[in-house]
Structure formats: structure tokens, C-alpha cells
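We will go from stop to stop, selecting a few residues at a time.

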Amino acid sequence: MTFQQAKDSHLQNLAALGWAVKPGLKVPHATRPDGLRLWFKAQAVYASRGTTFGDTRSIFADTRTTPTATLVQEAEHFTT
């Protein structure tokens with residue numbers, strides 16, 4: 001699986017879970033109704049509760065084998 005395929009898969013999974021997904025942006029992101037946001041760069045995922053990329057913290061470097069649920073758990077851990 002490529003990083004692009006992993007990103008697309010994670011965004012689809014998050015959309016199915018009710019997250020607002022913005023895949024067509026320069027830095028695609030998904031936002032949960034409570035404000036938790038995952039930002040998807042080329043080979044990493046960042047998390048924040050803010051609305052700008054400057055508010056983020058890196059949570060994963062290789063998402064190809066990481067389940068979407070694990071991304072969410074790590075984001076919750078690093079943003080609380």
C-alpha cells in the first residue's frame with residue numbers, strides 16, 4: 001500500500017465514522033464534531049484541536065499499516 005492509498009483509506013474510514021472530511025485541500029484533513037482534527041501530509045499525520053496547521057502535533061510517520069482507530073486514539077492522547 002502506498003502512502004496515498006493509506007491516506008485515502010483513512011479519510012474514507014473517518015468519513016464513515018461521521019467526521020467532516022476535506023480531501024481536496026493542500027493539506028487534507030478530517031474533523032470530528034468535538035473539534036479533534038487529523039491533518040494528512042505526504043508521509044505523516046498530525047493532530048490538533050485548533051483550526052490551523054500551526055496548532056498541530058505529529059502523531060504518525062508511517063500510516064500504511066496503522067488502523068484508523070489507532071490514529072484516532074493517538075490523536076486523542078496527544079491533544080488532551
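Which residue of β4 does K41 stand opposite? Select K41 and look across: A44 is its counterpart in β4. Before going on, note that this is a predicted model, in which local features need pLDDT of at least 70 and side-chain atom pairs count only at pLDDT 80 or more, while totals for chains, interfaces and linings use all residues. Residues are numbered from 1 along each chain as its sequence is written, and side-chain values use heavy atoms, with hydrogens and water left out.

**Stop 1: the strands around β3**

Select β3 (37–41) together with β4 (44–48). Strands here are DSSP E runs of at least two residues and helices are H or I runs of at least four, numbered from the N terminus. β3 and β4 run antiparallel, paired over 5 bridges (two strands pair if DSSP finds at least two bridges between them). The hairpin that joins β3 to β4 passes through 2 residues.

Pick H29 and you will find its bridge partner, W39, in β3. This hairpin has 5 residues between the strands, and G35 takes a positive phi near 100° in it.

Colour β3 by accessibility: 4 of its 5 residues are buried, so the strand is mostly covered. The cut-offs are under 20% relative accessible area for buried, over 50% for exposed and partly exposed in between, with a 1.4 Å probe and protein chains only.

**Stop 2: salt bridges around D34**

Next, show the side chains of R32, D34, R49 and E76, which are linked in a network of salt bridges. A salt bridge means a side-chain nitrogen of Lys or Arg within 4 Å of a carboxyl oxygen of Asp or Glu; the structure has 4 by this rule.

Start with R32 and D34, whose salt bridge has an N to O distance of 2.9 Å. R32 is buried, at 18% relative accessibility, and D34 is partly exposed at 46%. Then turn to R49, which forms a salt bridge with D34, with 3.6 Å between the closest N and O atoms. R49 is partly exposed, with a relative accessible area of 37%.

**Stop 3: D62 and R64**

Select D62 and R64 for another salt bridge, where the closest N and O atoms are 2.8 Å apart. D62 is partly exposed at 33%, and R64 is partly exposed at 35%.

**Stop 4: the cavity**

Where is there enclosed space? Rolling a probe the size of a water molecule over the atoms shows where empty space is left. On a 1 Å grid over the protein atoms alone, a cavity is a set of points where a 1.4 Å probe fits but cannot get out, and lining residues have an atom within 4 Å of a point.

Select its lining: F3, K7, F40, K41, A42, Q43, A44, V45 and T63. The elements giving two or more residues to this lining are α1 (3–16), β3 and β4.

Conventions. 1 Å grid on protein atoms, 1.4 Å probe; cavity = no way out; pocket = protein on both sides within 12 Å on 5 of 7 lines; lining within 4 Å.
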